[in-house]
Amino acid sequence: MAKMWQGRFRKELDSKVNDFNSSISFDSRMYENDIQGSIVHVNMLGKQGIIDSEESKVIAKELSAIYDDIASGKIEFDQNAEDIHMFIEQILTERLGDLGKKLHTARSRNDQVAVDLRMYLRAQIDEIIGLVKKLIATLVKKAEENLQTVMPGYTHLQRAQPITFAHHLMAYVEMFKRDMIRLFNCFDLMNECPLGCGALATTTYPIDREYTAEYLGFKGPMLNSLDGVSDRDYCMELANAIAICMTHLSRLSEEVVLWCSWEFRFVELDDAYSTGSSIMPQKKNPDICELIRGKTGRTIGNLTTLLSMMKGLPLAYNKDMQEDKEAIFDSIDTVKLCLSTLAPMLDTMKVNKENMSNAGKKGFINATDCADYLVKKGLPFRDAYKITGTLVALCIDKGETLDTLSIEEYKKLSDKFEEDVYEAIALETCVKGRSAVGGPSPMAVAAHIEEIKNTVLKEENDEN
């Protein structure tokens, strides 16, 4: 395929250089956006009288036909083409002759690729937000089923205080809610149109940038042409939002890996979302979670790639920027795959409530409540803290728990202890008592769930 820019050159491009320079292997996924942008651009050219209005209609109609042929598979991408933009323009010129050559009037590939990429990423953000919302809905459903399921909460991976499984899951709901906010913000910040910026200094033609921005769904045109063609903030911001979301997915995955181990046995994954061993017949491996942990590193690496690529570039466009697409496309593909796989895995996951409860009865996770019991009886907290610590050490020596230790032993350390201490340190009492906003009590978590349903999941609830 001949190069559109070959007039200046007297030699054919070396085949290896062509392969090195080509981007169609990865930017071909933007063909719909490229054609959409070209149709709006040529309609604007006709409206402004830059080219004949009837000619603009013919070009727009043929571009639609090319889209249909690509979508149906009638046209296959030529891997020898330089990029998707040149590929489509070449086909248009082959079909319309000199008329097709008028399409590129008053624009450059620099603003063309910038608008294509923004449109493509906007659509991908919408898809990712939808997948995050589905994951949140799954977590909320699981939380509703486990409002009364007591389990140990952890710090330093040591049993710390009693919570519910619902409370634990809703912590991730908050993380993913923030991920959605970041994605919405990213969409809003990138929603300005660079088309019309030209190579770097707009054009002498009387173009209507407000028209193209409106018909391509942007808030308005970008206000500086140098920035319009050389900005890749939106790629870095989206890569960052994805990397943070993947980090949250990785944290949740790590917990599931722990929970389904024989050491915990808090959950059991459905057979459809587990794998076995080639040599150990007893194994049931949480491979999905492990892969999500591993793939998180890819998205962090892609963010680093984009930041490193942009940090030393002068204005305006530089070919380095071609490296933006593989990085951001990989991050998008990765997070979509992980989100779409994790949600059904969690939905089908069996929760072993009894094992969670038994774990909660060990590890002295009601020790703080024991100290609080003494504080409510009039002791300063530090004195109550020391007494409870002594009780814990005594229980360890005797092989007891705070629940089974006799009242006589309690009274040896403080005459404030009465029989009601057992009710005060019961795990259910400990959990129900933490009813402050954000706490683990069933009442507080139920209120949290309703808040999420009425905000994040409101559209889904309205549809149902």
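Does S331 count as buried or exposed, and at what relative accessibility? In this predicted model, local features need pLDDT of at least 70 and side-chain atom pairs count only at pLDDT 80 or more, while totals for chains, interfaces and linings use all residues. Residues are numbered from 1 along each chain as its sequence is written, and side-chain values use heavy atoms, with hydrogens and water left out.

S331 has a relative accessibility of 0% and therefore counts as buried; the term buried denotes under 20% relative accessible area, exposed over 50%, and partly exposed in between, with a 1.4 Å probe and protein chains only. The residue S331 belongs to helix α12 (residues 324–347). Helices (H or I, at least four residues) and strands (E, at least two) are DSSP runs, numbered from the N terminus. Leaving aside residues up to four places away in sequence, S331 touches I242, T299 and N302, where contact means heavy atoms within 4.5 Å.

Overall, the protein contains 20 helices and four strands. Its radius of gyration is 30 Å, well over the 23 Å that the globule rule gives for 464 residues, so the protein is more spread out than a compact globule. This radius is taken over C-alpha atoms, and the globule rule is 2.2 Å times the number of residues to the power 0.38. Along the principal axes, the C-alpha atoms fill a box of roughly 100 × 50 × 45 Å. Of the 464 residues, 50% count as buried.

The structure also holds twelve aromatic pairs. Rings of Phe, Tyr and Trp (its six-membered ring) pair if their centres lie within 6.5 Å; planes under 30 degrees apart count as stacked, over 60 as edge-to-face and the rest as tilted. The ring centres of F165 and W259 are 5.3 Å apart and the planes stand at 75 degrees, so this pair is edge-to-face. The pair links distant parts of the chain, with F165 in helix α7 (residues 165–190) and W259 in helix α10 (residues 233–259), 94 residues apart. Both F165 and W259 are buried. One aromatic cluster is formed by Y31, Y67, F77 and F87.

Backbone geometry was also examined. Most residues other than glycine have a negative phi, and most peptide bonds are trans. The peptide bond from L315 to A316 is cis, with omega near 5 degrees, and A316 is placed in the loop between α11 (287–310) and α12. L157, in the loop between β1 (150–155) and β2 (158–164), has a positive phi near 60 degrees. With a relative accessible area of 54%, L157 is exposed.
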